[in-house]
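This briefing covers one protein chain, grouped by topic. Please look over the sequence and the model before reading the points.

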Amino acid sequence: MEVTALSVGLFMDGHSLSAFPYMSDTNKRIADMFGVEFGKPYLNLLETGSMVPDSNDAAIGFGVLRSFLPKGEHVNLASKMHEAFYPYF
């Protein structure tokens with residue numbers, strides 16, 4: 001199966017996490033469905049709601065980096081970018 005990974009931004013509007021009150025419930029569903037674990041620092045950020053997420057730079061970086069890789073490596077690149085970011089959360 002061929003998979004295409006797109007570089008898009010999830011958060012690009014300049015709103016703090018408090019503007020997304022559904023995030024806690026959504027992340028719990030993701031954790032339950034896929035067995036992933038969200039770290040305490042990230043959960044604390046959701047609770048305080050003060051962080052202003054911005055996906056634009058990561059989306060641009062992904063778009064540039066994937067142009068240097070064969071299509072079959074795009075999903076791996078996206079995974080590596082997530083691994084590089086989320087250990088802090």
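The largest nonpolar core consists of Phe11, Leu17, Phe20, Met23, Tyr42 and Leu46, six residues in total. A nonpolar core here is a set of buried Ala, Val, Leu, Ile, Met, Phe, Trp, Tyr and Cys residues joined through side-chain atoms within 4.5 Å. Buried stands for under 20% relative accessible area, exposed for over 50%, and partly exposed for the range in between, with a 1.4 Å probe and protein chains only. In soluble globular proteins, nonpolar side chains tend to be buried together.

This is a predicted model, in which local features need pLDDT of at least 70 and side-chain atom pairs count only at pLDDT 80 or more, while totals for chains, interfaces and linings use all residues. Residues are numbered from 1 along each chain as its sequence is written, and side-chain values use heavy atoms, with hydrogens and water left out.

**Core contacts**

- Leu17, a member of the largest nonpolar core, touches Leu45, Leu46, Gly49, Met51 and Pro53, leaving aside residues up to four places away in sequence.
- Contact means heavy atoms within 4.5 Å.
- Leu46 is therefore both a core member and a contact of Leu17.

**Overall fold**

- The protein chain has four helices and zero strands, in the order α-α-α-α from the N terminus.
- Helices (H or I, at least four residues) and strands (E, at least two) are DSSP runs, numbered from the N terminus.
- The C-alpha trace spans about 40 × 30 × 20 Å along its principal axes.
- Of the contacts with a separation of 6 or more, 67% are between residues 24 or more positions apart.

**Surface and charge**

- Of the 89 residues in the protein chain, 20% are buried.
- The accessible surface of the chain is about 6,700 Å², and carbon and sulfur atoms account for 61% of that area.
- Accessible areas come from the Shrake-Rupley method with a 1.4 Å probe; for residues, only the protein chains shown count as cover.
- There are 6 positive and 10 negative side chains, and the centres of the two sets lie 5 Å apart.
- Lys and Arg count as positive and Asp and Glu as negative, while His and the chain ends are not counted.
- Each charge is placed at NZ of Lys, CZ of Arg, CG of Asp or CD of Glu.

**Salt bridge**

- The structure holds one salt bridge, defined as a side-chain nitrogen of Lys or Arg within 4 Å of a carboxyl oxygen of Asp or Glu.
- The partners are Asp32 and Lys28, with their closest N and O atoms 3.1 Å apart.
- Because Asp32 and Lys28 are four residues apart in helix H1 (residues 23-34), about one helical turn separates them.
- Asp32 is exposed, at a relative accessible area of 56%.

**Ala5 and His74**

- Ala5 lies in the segment before H1 and is buried, at 12% relative accessibility.
- Leaving aside residues up to four places away in sequence, Ala5 touches Phe62, Arg66, His74 and Val75.
- The C-alpha atoms of Ala5 and Phe62 are separated by 9.4 Å, with the two residues 57 apart along the chain.
- His74 is part of helix H4 (residues 74-85) and is buried, with 9% relative accessibility.
- The contacts of His74, under the same exclusion of residues up to four places away, are Ala5, Phe62, Arg66 and Leu69.

**Other positions**

- Gly35 sits in the loop between H1 and helix H2 (40-48) and is exposed, with a relative accessible area of 65%.
- From Gly35 to Asp25 the C-alpha distance is 15 Å, at 10 residues apart in sequence.
- Ala78, in helix H4, is partly exposed at 21% relative accessibility.
- Ala78 and Met1 are 77 residues apart in sequence, and their C-alpha atoms are 17 Å apart in space.
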